[in-house]
Amino acid sequence: MSTLAVAHLSDTHITTGPLAAEPATGLYRALGRILALDPRPGCVVITGDLTEAGRPEEYAALREVMAGFPLPLHLVAGNHDDPEALVAAFGGTPLLGGGKDTHYLVEHDGLSLVVLDSRLPGSPAGQLGPEQLAWLDQVLAARPEVPAVVCVHHPPIALGIPFMDGMRLENGPELAAVLARHPRVVRVLAGHLHRAITAPFAGSTLAVAPSTYRQSTLTLREDRQMGYLHEPTAFLLHLPAEGTWVTHTVPVSGAAELTGAF
């Protein structure tokens with residue numbers, strides 16, 4: 001049994017070599033925890049930084065970790081990813097919506113999942129070009145009565161962590177202008193910050209998922225050092241409830257909960 005719910009993972013940073021075990025284990029444990037949910041979500045999305053360096057062998061390792069996972073799973077490109085290598089590895093499969101683009105639409109029963117590619121070559125920040133924004137406007141207009149979830153790696157607004165706010169989506173207002181025309185957007189899903197954060201955005205709710213690998217420090221001042229912590233890993237679960245949508249944070253590492261195998 002499954003629901004309209006969306007399990008939202010992010011920043012898996014899969015790699016190869018001596019440091020490969022920890023990020024791979026983090027993703028595998030998160031996917032196993034999803035399978036123990038009752039009911040299971042209708043789909044799973046990973047909002048970017050799928051790999052550490054976008055190398056073909058890293059996408060091969062990612063494929064191995066996900067092999068056999070039984071639920072619909074959709075991938076989003078992040079600034080650590082390489083679009084050509086990503087498409088070479090997963091193009092034409094449901095992982096990229098059945099096509100060969102890094103922005104795509106998947107229509108589930110009762111839910112539209114829209115994936116954007118906010119990569120800005122040569123920069124850790126993000127941007128959405130006018131063609132992609134026009135495409136987003138078009139696909140959101142197609143089924144106005146159906147809830148939609150929009151997925152993008154870079155958060156489109158400042159979230160109070162100065163170092164990371166300096167590498168957010170550079171044209172967030174342009175994205176907001178498109179989304180404001182489509183009240184069916186129930187969530188905007190993002191990653192990049194390696195922390196769980198929520199904020200209102202464009203008449204909807206922006207939800208940033210924590211990393212399945214490691215979390216960033218909550219560095220709220222510009223003059224303090226930013227870094228990474230081995231805080232507990234988690235993912236977000238977005239689901240409809242009595243006419244609205246709610247978001248749960250689901251612990252993975254250190255959680256006294258059942259996990260599934262695949």
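**Figure 1. Glu231 and its partner Arg195.** Glu231 is partly exposed in this predicted model, its relative accessible area being 29%. Its side chain meets that of Arg195 in a salt bridge, with 3.4 Å from N to O. Arg195 sits in the loop between strand E9 (185-190) and strand E10 (197-201), and Glu231 in the loop between strand E13 (228-229) and strand E14 (234-241), so the pair ties together parts 36 residues apart in sequence. Arg195 is buried, with a relative accessible area of 17%, because the cut-off for buried is under 20%.

**Figure 2. The salt bridge of Glu107 and Arg143.** The two side chains meet at 2.3 Å, N to O. This pair links distant parts of the chain, 36 residues apart: Glu107 belongs to strand E4 (residues 104-108), while Arg143 lies in the loop between helix H4 (130-142) and strand E8 (148-151). Glu107 counts as partly exposed at 36% relative accessibility. Arg143 is also partly exposed, with a relative accessible area of 25%.

**Figure 3. A network around Arg55.** Salt bridges link Arg55, Glu57 and Glu58 in a network. Between Glu58 and Arg55, the closest N and O atoms are 3.0 Å apart. Is Glu58 buried or exposed? Glu58 is buried, and its relative accessible area is 0%. Arg55, by contrast, is partly exposed, with a value of 28%.

**Figure 4. Salt bridges in the whole structure.** How many salt bridges does a search of the whole structure find? The search finds 6. Among them are the bridge of Arg195 with Glu231 and the bridge of Glu107 with Arg143. Side chains of opposite charge can pair when their charged atoms come close.

How values were computed: Residues are numbered from 1 along each chain as its sequence is written. This is a predicted model: local features need pLDDT of at least 70, side-chain atom pairs count only at pLDDT 80 or more; totals for chains, interfaces and linings use all residues. Side-chain values use heavy atoms; hydrogens and water are left out. A salt bridge is a side-chain nitrogen of Lys or Arg within 4 Å of a carboxyl oxygen of Asp or Glu. Buried means under 20% relative accessible area, exposed over 50%, partly exposed in between (1.4 Å probe, protein chains only). Helices (H or I, at least four residues) and strands (E, at least two) are DSSP runs, numbered from the N terminus.
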